[in-house]
Amino acid sequence: MILPWHLYLMAFLYILAGLNHFRKPGMYVKIIPPAFKNPKLINVLSGAAEIILGIFLLLPFSSHFAAWGVIMLLIAIFPANLYMFQNKKAGFGLPRWILFVRLPLQFVLIYWAYQYTF
């Protein structure tokens, strides 16, 4: 079975994002809301999850399970995007409208992943 190119693109983006958690951990630790304890561990776990899910998206026998995993991950990281919008320091100085647009973008990414759940 040949996977569609957009699934390869999704997998590549998650693998790349996951690797970036290890390349620039401070960037991700900074956006984890203070209510969550041990942000360094959360960063490592979320980065590893992105890499693993990205790889599993590429395997036909596991791509639909990985797509569900991506959906769960996107829901789990939503508080970080909300925190970036609410906290100027966590927003990296980005314009508020960009930070606001990122919030509904999560739903677009969830819908994209949902296309591969069956």
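The exercises below work through selected features of this structure, each with a solution that goes step by step.

The structure is a predicted model, in which local features need pLDDT of at least 70 and side-chain atom pairs count only at pLDDT 80 or more, while totals for chains, interfaces and linings use all residues. Residues are numbered from 1 along each chain as its sequence is written, and side-chain values use heavy atoms, with hydrogens and water left out.

**Exercise 1. Determine which residues form the nonpolar patch on the surface, and whether Trp5 is buried or exposed.**

Step 1. Patches are made of residues with over 30% relative accessible area and no salt bridge, where like charges are joined within 9 Å and nonpolar side chains (Val, Leu, Ile, Met, Phe, Trp, Tyr) within 5 Å. A salt bridge here is a side-chain nitrogen of Lys or Arg within 4 Å of a carboxyl oxygen of Asp or Glu, and accessible areas come from the Shrake-Rupley method with a 1.4 Å probe, with only the protein chains shown counting as cover for residues.

Step 2. The nonpolar patch consists of Ile2, Trp5, Tyr8, Leu9, Phe12, Leu13, Leu16 and Leu58, which together have about 860 Å² of accessible area.

Step 3. Trp5 belongs to helix 1, residues 5–23; helices (H or I, at least four residues) and strands (E, at least two) are DSSP runs, numbered from the N terminus. Buried means under 20% relative accessible area, exposed over 50%, and partly exposed in between (1.4 Å probe, protein chains only). Trp5 counts as exposed because its relative accessibility is 63%.

**Exercise 2. Work out what kind of aromatic pair Trp68 and Tyr114 form, and which parts of the chain the pair ties together.**

Step 1. A pair of aromatic rings is described by the distance of the centres and the angle of the planes. Rings of Phe, Tyr and Trp (its six-membered ring) pair if their centres lie within 6.5 Å, and planes under 30 degrees apart count as stacked, over 60 as edge-to-face and the rest as tilted.

Step 2. The structure holds 4 aromatic pairs. In one of them, the ring centres of Trp68 and Tyr114 are 5.9 Å apart and the planes stand at 80°, so the pair is edge-to-face.

Step 3. Because Trp68 lies in helix 4 (residues 63–76) and Tyr114 in helix 6 (residues 96–114), the pair ties together parts that are 46 residues apart in sequence.

Step 4. Trp68 is partly exposed at 40% relative accessibility, and Tyr114 is partly exposed at 39%. Together with Phe118, Trp68 and Tyr114 form one aromatic cluster.

**Exercise 3. Describe the surroundings of Phe85, asking which ring it pairs with and which charged end sits over its own ring.**

Step 1. The rings of Phe85 and Phe100 have centres 5.7 Å apart and planes at 55°, so this pair is tilted. Phe85 lies in helix 5 (residues 78–86) and Phe100 in helix 6, and the pair links distant parts of the chain, 15 residues apart.

Step 2. Phe85 is buried, with a relative accessible area of 18%, whereas Phe100 is partly exposed at 47%.

Step 3. A charge sits over a ring if NZ of Lys or CZ of Arg is within 6 Å of the ring centre and within 35 degrees of the ring normal. The charged end of Arg96 sits over the ring of Phe85, 4.1 Å from the ring centre.

Step 4. The buried residues of helix 5 are Ala80, Asn81, Tyr83, Met84 and Phe85, and these buried residues pack against helix 6.

**Exercise 4. Decide whether Asn20 is buried or exposed, and identify which residues it touches.**

Step 1. Asn20 is found in helix 1 and is buried, since its relative accessible area is 16%.

Step 2. Contact means heavy atoms within 4.5 Å. Not counting residues up to four places away in sequence, Asn20 touches Pro25, Met27 and Tyr28.

**Exercise 5. Find where Asn38 and Phe92 lie, and state what phi each has.**

Step 1. Most residues other than glycine have a negative phi, and most peptide bonds are trans.

Step 2. Asn38, which is not a glycine, has a positive phi of about 55°. Asn38 lies in the loop between helix 2 (25–29) and helix 3, and is partly exposed with a relative accessible area of 46%.

Step 3. Phe92 likewise has a positive phi, near 55°. Phe92 lies in the loop between helix 5 and helix 6, and counts as partly exposed at 36% relative accessibility.
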